[in-house]
Amino acid sequence: MSVLQTLQERSNNTCELCISTEDLKQYTIPPSLNENVSNDVLVCKSCLDQIEEHEDMDPNHWRCLNDSMWSEHKAVQIMAWRMLQRLRNEGWPKDLLDMMYLDDEAMALARATGEDKDESEKIIHRDINGVILENGDHVVLVKDLKVKGSSMVAKQGTAVRNIRVDYENDKFIEGKVGAQQIVIITEYVKKI
């Protein structure tokens, strides 16, 4: 059974955050790189657009977190915590956060993206031109790079798709060059 099928069965074909049944998609919670049931949630388009910040946050839409934060699935709990953190200035999310409990491992993963930090404290990744890099962006290498631990050389002009940022260091991103997952220094890439 695929990850998507397992998520559909687990959620009874509803969004695991807001219980919508329309336009459901699988979402891998960052910084996870691999799709699997423990790292993924099934969400509707409205939730996904707000999670990925393609759409402004609608605080009333997220009142559903009052229920979903109690899910038995850690991935759902982590996403609920992150969205409540984004909305914490609204007032009511602060009360829910005070009630919520995540074990140490889940809390470490929940905090990995810095949702609980103020904008001034967040780590911002920038390419060689100063353009902000985010998860899922595509970049191109601006010089040949030797890959440590292998004989491979990543050539200038190589496209690296769907990067992941390192939430602890603003100089590092991860991406695949060929079949190899590597860490790349941001000063050697340009956003496409």
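Modeller: Before we start, one definition: strands are DSSP runs of at least two residues, numbered from the N terminus. By that count, Arg161 sits in the loop between strand 8 (159-160) and strand 9 (164-165). Also, this is a predicted model.

Colleague: Okay. What does Arg161 touch, leaving out residues up to four places away in sequence?

Modeller: Arg161 touches Asp137, His138 and Ile192.

Colleague: How far apart are the C-alpha atoms of Arg161 and Asp137?

Modeller: They are separated by 6.6 Å. Along the chain, the two residues are 24 apart.

Colleague: Where is Asp137 found?

Modeller: Asp137 is in a loop as well, between strand 4 (132-133) and strand 5 (139-141).

Colleague: Is Asp137 buried or exposed?

Modeller: Asp137 counts as buried, because its relative accessibility is 14% and the cut-off for buried is under 20%.

Colleague: And which residues does Asp137 touch?

Modeller: Leaving out residues up to four places away in sequence, Asp137 touches Ile132, Val160, Arg161, Asn162, Ile163 and Lys191.

Colleague: Ile163 is on that list. How far is the C-alpha atom of Ile163 from that of Ser2?

Modeller: Those two C-alpha atoms are separated by 24 Å. Ser2 and Ile163 are 161 residues apart along the chain. Ser2 lies in the segment before helix 1. It is partly exposed, with a relative accessible area of 35%.

Colleague: Let's zoom out. How many helices and strands does the protein have?

Modeller: Six helices and twelve strands.

Colleague: What about its overall size?

Modeller: The C-alpha atoms fill a box of roughly 50 × 45 × 30 Å, taken along the principal axes. The radius of gyration is 18 Å. A compact globule of 192 residues would have a value near 16 Å, so the two agree.

Colleague: What share of the residues is buried?

Modeller: Buried residues make up 39% of the 192.

Colleague: And what share of the contacts with a separation of 6 or more joins residues 24 or more positions apart?

Modeller: That share is 56%.

Colleague: New topic, helix packing. How do you describe two packed helices?

Modeller: You give the angle between their axes and the distance between the axes.

Colleague: Then what are the values for helix 4 and helix 6?

Modeller: Helix 4 covers residues 74-86, and helix 6 covers residues 104-111. Their axes come within 9 Å and cross at roughly 45°. That makes helix 4 oblique to helix 6. The crossing is right-handed.

Colleague: Which residues make that contact?

Modeller: Helix 4 brings Lys74, Ile78, Trp81 and Arg82. Helix 6 brings Ala106, Met107, Leu109, Ala110 and Arg111.

Colleague: Now helix 5. At what angle does helix 5 pack with helix 4?

Modeller: Helix 5, residues 92-99, packs with helix 4 at an angle of about 145°. Their axes are 9 Å apart. This crossing is left-handed.

Colleague: Which residues are in the contact?

Modeller: Trp81, Leu84 and Gln85 come from helix 4. From helix 5 there are Trp92, Pro93, Leu96 and Leu97. By class, the contact of helix 4 with helix 5 has six nonpolar residues, one polar and no charged ones.

Colleague: Where is Asn13 found?

Modeller: Asn13 is in the loop between helix 1 (3-11) and strand 1 (24-28). The place of Ile19 is also in the loop between helix 1 and strand 1.

Colleague: How accessible are Asn13 and Ile19?

Modeller: Asn13 has 41% relative accessibility, so it counts as partly exposed. Ile19 has 66%, so it counts as exposed.

Technical notes. Residues are numbered from 1 along each chain as its sequence is written. This is a predicted model: local features need pLDDT of at least 70, side-chain atom pairs count only at pLDDT 80 or more; totals for chains, interfaces and linings use all residues. Side-chain values use heavy atoms; hydrogens and water are left out. Axes are lines fitted to C-alpha atoms, for helices over the stretch in contact, and angles run from 0 to 180 degrees between N-to-C directions. Helices (H or I, at least four residues) and strands (E, at least two) are DSSP runs, numbered from the N terminus. Angles under 35 degrees count as roughly parallel, over 145 as roughly antiparallel, 65 to 115 as roughly perpendicular and the rest as oblique. A crossing is left-handed if the near helix is turned anticlockwise from the far one by less than a right angle, and right-handed if clockwise. Contact means heavy atoms within 4.5 Å. The radius of gyration is taken over C-alpha atoms; the globule rule is 2.2 Å times the number of residues to the power 0.38. Buried means under 20% relative accessible area, exposed over 50%, partly exposed in between (1.4 Å probe, protein chains only). Ala, Val, Leu, Ile, Met, Phe, Trp, Tyr, Cys and Pro count as nonpolar, Asp, Glu, Lys and Arg as charged, and the others, Gly among them, as polar.
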